[in-house]
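Please look over the sequence and the 3D structure shown here before reading on. The paragraphs after it go from the whole chain to single residues.

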Amino acid sequence: IAGSCVQGSITLNGQPLRQQRFLKCASYVAQEPLLWSQLTTRETLRYGADLHGAGSSAKEREALVDEVLDHTGLKSCEHTLVGDLFRKGLSGGQKKRLCIAEALVKRPSILVLDEPTSALDSTAAFEVTRLLQGLAKSSNLLILCTIHQPSHRVFQLFDDTLILAAGRVAYCGPTEDAVRHMTSLGMPPLKAGMSLPEYLLDVTNTDFTAAEQVEKILDSWVPHPIEPSDAEGAGVRETEMRGVGVQTLILGRRLAWITLRDPMLYASRWLFALVANLVFAWVYMDARDRTQAQVLPRIWLLSWCMGAPAFMSVVVIAVYSLDFHILQKELRNGMYRPTAYVMSQTLLMIPSLLVLSACALLPLYLIVGYSWSVVVEMWLALSVCMLWAECLAQLLAVCSPHFLLGMVAYIGVMFIAFLQAGPIISIGSITPVLRWIHSINPWFLCLRAMTTLDFTSSTFDGFGDRGELCDAPPVPCFGKQGVDVLDGVGALLSSFGSEHSAAQDVAVAVGVAIAAKLGQYAILSLKAAR
C-alpha cells in the first residue's frame with residue numbers, strides 16, 4: 001500500500017522465509033482447474049507423486065496415490081480422463097478435487113486455495129469444503145483459502161475467518177465470534193433467516209453500510225500478537241525437490257504419453273508435410289531432369305519443401321499457450337525446475353522433427369530425385385531448419401501475452417526469413433540495413449547447405465565441356481559440374497557459390513535455434529519466479 005512501511009522478519013524452521021523454502025512445505029491450488037486433459041486421474045497423481053517423491057520408493061509412491069484417491073473420493077474415477085472441450089472427462093467438482101489431490105501428493109504442511117468453490121453448485125461446493133475440513137483434521141494440515149459468497153453450511157465448516165475491507169482487516173478470529181465482535185461495535189444484530197457470511201459482507205461493505213461505520217470497524221480491530229513457539233519438534237515438514245536429471249526423465253515420460261494420447265501436434269504436421277511436398281514435387285516434376293533450365297527450379301523446390309512444414313509450426317503457439325498455464329502452476333508449486341521442462345521438451349521434440357523432415361523430404365526424392373549420396377546430410381540440414389522453426393514458435397508462445405499475437409509475430413518473422421532465403425532476391429541487392437538478417441537466417445542457411453550438398457554431387461546436362469551445348473540467350477547456361485553450376489547461380493543470386501561450406505551453414509543455424517531455446521528457458525524462469 002502506498003506510504004506504508006513493512007518491517008520485521010519471517011522465518012520458517014528457524015531460517016529466513018524465501019520462495020523456494022516456502023514451496024518445500026506448501027502447495028497452492030489455483031481457482032481454475034489447470035490439469036492435463038490427456039491424463040487419467042490416477043496418472044495425474046502418479047506423475048505428481050513421482051516428481052515430489054525424493055527419498056521414497058515406487059511402492060511407497062503408489063501407496064500414497066491410493067491413499068489420496070481414497071481421501072478425496074476419486075477412487076471411482078481413477079481411470080477416467082480429465083477431459084476438455086473435445087473429449088468427455090471429469091465433472092467440475094471432480095476436477096476441483098483432483099487439483100486438491102494433486103497438491104496433497106506433495107505431502108505439504110500448508111495448503112493454499114484460491115476460491116475452491118467457484119463455478120460449483122451448492123452441493124459440490126459443500127462437498128469440496130467438507131473434504132478440506134476433513135483433510136485439515138486427519139492430515140494435520142493448515143488450510144488457507146479465499147472464498148466469495150459462501151453458503152451458510154459451507155461457512156460453518158471454517159474454524160477461523162479473515163474479513164477484509166478496503167485492503168484492511170475488519171475481523172480475524174474464530175468464525176463463531178464474528179457476530180459478537182460486530183455487535184459490540186454497534187452493528188445491527190444478525191437477522192433471523194439471514195446467513196452469517198451475507199451479514200459480515202453487508203456490515204463491512206461501504207455500498208450498503210455507512211462509510212463511518214465501516215471505518216469504525218476497521219479502526220477498532222487490534223491484531224493479537226503471536227508468540228513464537230520454542231517447543232521442540234514443532235518445525236514445519238519440508239519436502240525436497242528431486243534432481244534435474246530425474247525430473248527430466250519423469251517429465252519426458254509424461255510428455256511422451258500425452259503425445260501418444262493426443263498425437264495431433266506432430267502427426268498432423270507429418271501428414272501435412274508429406275501431402276504438401278507431394279504436391280510441390282508434382283508441380284516441379286520437370287526438375288528431375290538435371291538440365292540448365294532446371295537449376296533454379298531445383299533450388300525453389302527445396303525452399304518450398306522447407307517453408308510448408310516450417311510455417312505449420314505456428315500451431316505450436318496455440319497449443320503451448322494453453323499448456324503454459326498448467327506449466328506455470330506446476331513451476332510455481334515447486335514440482336520441477338524450468339531446466340527439466342525445457343530438456344524434456346527438447347528430448348521429445350528432436351525425434352519428432354526428424355520424422356517431420358523425413359516426411360517433407362521423401363516426396364522430393366521419390367518424384368524429382370535429389371542426390372541419394374547425400375540424403376542423410378540433406379535430411380539433417382532440413383531437420384535443423386525445422387528445429388529453428390519449432391524453437392521460435394515455443395519462444396513466442398511463452399513471451400506473448402496472447403497466443404494470437406504470438407502467431408502474428410511468428411508469421412511475420414517467417415515471412416522475412418522467406419524473403420531473405422536466397423531464391424527470391426539476390427542478397428547483395430538488399431539494403432545493408434536489412435542485409436545482415438541473412439547471416440542468422442536458418443531458412444537461408446539450411447537452404448544454401450542443401451543446395452550445396454545436392455549440386456556438388458551432381459552433373460547437369462546441356463552445357464558441354466566449354467558451354468558449346470548451351471543455346472543462345474535467353475536460355476540459362478550455368479555449367480556442367482555442380483561446383484561450376486553453383487558459381488554460375490552465384491552470378492545471379494550472390495548468396496550462392498562453391499566457396500560456402502554446408503557444415504558451417506548448418507552449424508550457424510543450430511546456434512540460432514539454441515539461442516531461441518535459451519530465450520524460452522530464460523522467460524520461463526522469470527515467469528516462474530514471479
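This is a predicted model: local features need pLDDT of at least 70, side-chain atom pairs count only at pLDDT 80 or more; totals for chains, interfaces and linings use all residues.

Residues are numbered from 1 along each chain as its sequence is written, and side-chain values use heavy atoms, with hydrogens and water left out.

The protein has 20 helices and seven strands. Both are DSSP runs numbered from the N terminus, helices being H or I with at least four residues and strands being E with at least two. The radius of gyration is 32 Å, well over the 24 Å that the globule rule gives for 530 residues, so the protein is more spread out than a compact globule. That radius is taken over C-alpha atoms, and the globule rule is 2.2 Å times the number of residues to the power 0.38. Along the principal axes, the C-alpha atoms fill a box of roughly 110 × 55 × 45 Å.

Contact means heavy atoms within 4.5 Å. Of the contacts between residues at least 6 apart in sequence, 73% join residues at least 24 apart.

How much of the protein is buried? Buried residues make up 47% of the 530 residues. Buried means under 20% relative accessible area, exposed means over 50%, and partly exposed lies in between (1.4 Å probe, protein chains only).

In soluble globular proteins, nonpolar side chains tend to be buried together. Here the largest nonpolar core has 59 residues, and M378, W388 and Y410 have the most contacts inside it. Such a core is a set of buried Ala, Val, Leu, Ile, Met, Phe, Trp, Tyr and Cys residues joined through side-chain atoms within 4.5 Å. Elements giving two or more residues to this core include α11, α12, α13 (314–332), α14, α16 (403–419), α18 and α20 (502–528). Helix α15 (375–399) is also on that list, and α15 gives the most, with 15 residues. Leaving aside neighbours within four places in sequence, Y410 is in contact with A310, F311, S313, V314, I317, A389, L392, A393 and L396. Apart from this core lies another, of 29 residues, among them V82, L90, L104 and L135.

Helix α12 (residues 295–311) holds S303. S303 counts as buried because its relative accessibility is 1%. Not counting residues up to four places away in sequence, S303 touches F418, P423, W443 and L447. In helix α19 (residues 482–492), the buried residues are G482, V485, L486, G488, V489 and G490. They pack against α12 and α18 (442–456).

T259 is placed in helix α10 (residues 244–261). With a relative accessible area of 18%, T259 is buried. T259 touches Y266 and L348, again not counting residues up to four places away in sequence.

Accessible areas come from the Shrake-Rupley method with a 1.4 Å probe, and for residues only the protein chains shown count as cover. L271, L274, V275, V279, V283, L362, L366 and W372 make a nonpolar surface patch of about 800 Å². A salt bridge is a side-chain nitrogen of Lys or Arg within 4 Å of a carboxyl oxygen of Asp or Glu. Helices α11 (264–283) and α14 (338–368) each supply at least two residues of the patch, and α11 gives the most, with five. L271 is found in α11, and L271 counts as exposed because its relative accessibility is 55%.

Definitions and conventions. Patches are made of residues with over 30% relative accessible area and no salt bridge: like charges are joined within 9 Å, nonpolar side chains (Val, Leu, Ile, Met, Phe, Trp, Tyr) within 5 Å.
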